[in-house]
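Here's a quick tour of a protein model for your first look at structure. Have the sequence and the 3D view open side by side, and check each point as you go.

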Amino acid sequence: MFPELNKNLEDPVRLEDFLKQRKMPPFQGKNQVYEWKDKNGKEERNYCCEISGLKDRHNAVVGSTLIMRDTTYMKDMITGLELSGGMLKYLSELDRERVYPMQLLAVNVNGLNVINHALGREKGNEVMIRTVEKMREILPEGTYMAKMENGSFLAVLLQTTYERARELAQKLKEEPLSVPTMNLTFELEYGLAEIGEKDENIFDGIQETMESLKNRKLLRQFSDKFGDSFSVTDTAGKRL
């Protein structure tokens, strides 16, 4: 953990502030998520804290790590969605016995980097906004979504079977994404994982979802290289 947080603030938060308040709970052998409200500075800051164990090759716990995310301002400026800190807080507060079965759905735009480089980030931002709109059109009303650090969007499907979640994901994938101001169509890729009723580590679920997305994108790249399908095309069917 860095000795100082939020260096861009006039009154930055320091590690000593955290330790003096004794906000780090004892490690209980499993990953934990909790919130820390720092009121020592000129303004209150909220942090999502993740504590996890460090294990040796014999699987014995030899220490712990602490990751802190500033969640005071958790909104993505482009889409209006909460960021990963908000997602972690949301998942940690869920009563999973009431919402099981629960699926995590990660969605990513194929070819977004191409658009950012070829047409500029403003056009890329339009694609991301349209992606969120399409997810809201297809996913159940009120579905919680957040934007993750890797640019993907993560949705939490409550009381949803894996089979139903896969149907929704396939619908997102199969319907081309169109942006009104651009003469282009895009395709979405997804990753999917189930959070079990007894699963204690929600971070493993997020990682599994992202790995699923990564593997699908790798398969897509292989298909693009050796097949006839492409991620981003113009209305004449030409690849960018």
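Helix 4 (residues 112–119) and helix 5 (residues 121–138) cross at roughly 145°, and their axes come within 7 Å. This is a predicted model, where local features need pLDDT of at least 70, side-chain atom pairs count only at pLDDT 80 or more, and totals for chains, interfaces and linings use all residues. Residues are numbered from 1 along each chain as its sequence is written, and side-chain values use heavy atoms, leaving out hydrogens and water.

**The helix pair**
- Axes are lines fitted to C-alpha atoms, for helices over the stretch in contact, with angles from 0 to 180 degrees between N-to-C directions.
- Helices (H or I, at least four residues) and strands (E, at least two) are DSSP runs, numbered from the N terminus.
- On the helix 4 side, Leu112, Ile115, Asn116 and Leu119 meet Arg121, Lys123, Gly124, Val127 and Met128 of helix 5.
- Sorted by class, that contact has five nonpolar, two polar and two charged residues (Ala, Val, Leu, Ile, Met, Phe, Trp, Tyr, Cys and Pro count as nonpolar, Asp, Glu, Lys and Arg as charged, and the others, Gly among them, as polar).

**The cores**
- A nonpolar core is a set of buried Ala, Val, Leu, Ile, Met, Phe, Trp, Tyr and Cys residues joined through side-chain atoms within 4.5 Å; buried means under 20% relative accessible area, exposed over 50%, and partly exposed in between (1.4 Å probe, protein chains only).
- The largest one has 28 residues, and Val127 and Phe186 are among those with the most contacts inside it.
- Helix 5 gives this core its largest share, five residues.
- Val127 touches Val109, Leu112, Leu177, Val179, Met182 and Phe186, not counting residues up to four places away in sequence (contact means heavy atoms within 4.5 Å).

**Around helix 2**
- Ser84 sits in helix 2 (residues 84–93) and counts as buried because its relative accessibility is 6%.
- Which rings are stacked? Those of Tyr90 and Tyr144, since their centres are 4.0 Å apart and their planes at 5° (ring centres within 6.5 Å make a pair of Phe, Tyr or Trp, using Trp's six-membered ring; planes under 30 degrees apart are stacked, over 60 edge-to-face, the rest tilted).
- Tyr90 is in helix 2 and Tyr144 in strand 8 (residues 144–147), so the pair ties together parts 54 residues apart in sequence.
- Tyr90 is partly exposed at 23% relative accessible area, while Tyr144 is buried at 14%.

**Confidence**
- The mean pLDDT (the predictor's confidence in each residue, from 0 to 100) is 76, and 69% of residues reach 70 or more.
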